[in-house]
Amino acid sequence: MYADTETIRKILTQSGDTWAVVGLSDNPSRAAYGVAAVLQRYGKRVVPVHPKAEPVHGEQGYASLADIPFPVDVVDVFVNSELAGAVADEATAIGAKAVWFQLGVVDEQAYDRTRAAGLDMVMDRCPAIEIPQLG
């Protein structure tokens, strides 16, 4: 219901190649680190967003979406569901085209708000699982 095949395909192939990954740190044991590496292998520019604003995978990090000084196409969210709605609202505010909530990240009200604002959105899925399936 929150991740139809056409929306997944559109985000991964047509929404743009600059992905802000919220919750991405330089900790290789975290899921965000591995997912960001997969996105890079598929040609996406991965922009780390984390309070520490540390560089990850060769890209400068930023403390918030609002701090990123260039356009972001997709916001990939690796924070707890309780915090995810605010990130989706920030994604809308910065003009992102799409929001992707990772596996286990669910906020139905945020999904409804984000879609109502005109953004594509996927919830409770992982792009690192979906992108290889595109062929």
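The questions and answers below go through helices, loop residues and a pocket of one predicted model.

This is a predicted model in which local features need pLDDT of at least 70 and side-chain atom pairs count only at pLDDT 80 or more, while totals for chains, interfaces and linings use all residues. Residues are numbered from 1 along each chain as its sequence is written, and side-chain values use heavy atoms, with hydrogens and water left out.

Trainee: Which residues of helix α1 are buried?
Mentor: Helix α1 spans residues 5-14. Helices here are DSSP runs of H or I with at least four residues, strands are runs of E with at least two, and both are numbered from the N terminus. Buried means under 20% relative accessible area, exposed over 50%, and partly exposed in between, with a 1.4 Å probe and protein chains only. The buried residues of α1 are Thr7, Ile8, Ile11 and Leu12.

Trainee: Which residue just after α1 takes a positive phi?
Mentor: The phi in question is about 120°. The residue is Gly16.

Trainee: Is Asp73 buried or exposed, and which backbone nitrogen does its side chain reach?
Mentor: Asp73 lies in the loop between β2 and β3. It counts as buried, because its relative accessibility is 13%. A polar contact is a pair of N or O atoms within 3.5 Å; within protein, one must be able to donate a hydrogen and the other to accept it, and residues adjacent in sequence count only if both atoms are side-chain atoms. At 3.1 Å, the Asp73 side chain reaches the backbone nitrogen of Asp17.

Trainee: Which residues is Asp73 in contact with, leaving aside its neighbours within four places in sequence?
Mentor: Among them are Ser15, Gly16, Asp17 and Thr18. The list also includes Ala96, Lys97 and Ala98.

Trainee: Where is Ile68, and is it buried or exposed?
Mentor: Ile68 is in the loop between β2 (45-49) and β3 (74-77). Leaving aside neighbours within four places in sequence, Ile68 contacts Ala20, Val47, Val49 and Tyr62. Ile68 is buried, with a relative accessible area of 9%.

Trainee: What is the relative accessible area of Pro51?
Mentor: Pro51 is also in the loop between β2 and β3. Its C-alpha atom is separated by 9.5 Å from that of Val22, 29 residues apart along the chain. Pro51 is exposed, at 71%.

Trainee: Which residues of α2 are buried, and what do they pack against?
Mentor: In α2, the buried residues are Ala32, Val35, Ala36, Ala37, Val38 and Leu39. They pack against β1, β2, β3 and α5.

Trainee: What does Val35 touch, not counting residues up to four places away in sequence?
Mentor: Val35 lies in α2 (residues 31-41) and is buried, with a relative accessible area of 8%. The C-alpha atoms of Val35 and Pro127 are separated by 7.5 Å, yet the two are 92 residues apart along the chain. Val35 touches Asp76, Phe78, Gln102, Cys126, Pro127 and Ala128.

Trainee: Which residue caps the N-terminal end of α4?
Mentor: The buried residues of α4 (residues 108-116) are Ala110, Tyr111 and Thr114. They fall within an arc of 105°, so they line one face of the helix. At the N-terminal end, a side-chain oxygen lies 3.1 Å from the backbone nitrogen of Gln109; the capping residue is Asp107.

Trainee: What is the volume of the largest pocket?
Mentor: On a 1 Å grid over the protein atoms alone, a pocket is an open set of points where a 1.4 Å probe fits, with protein on both sides within 12 Å along at least five of seven lines; lining residues have an atom within 4 Å of a point. Grid points are joined across faces, edges and corners, and a volume is the space filled by probe spheres set on the points. The lining includes Arg30, His50 and Phe78. The volume is about 170 Å³.

Methods: The arc is that of the directions from the helix axis to the C-beta atoms. Contact means heavy atoms within 4.5 Å.
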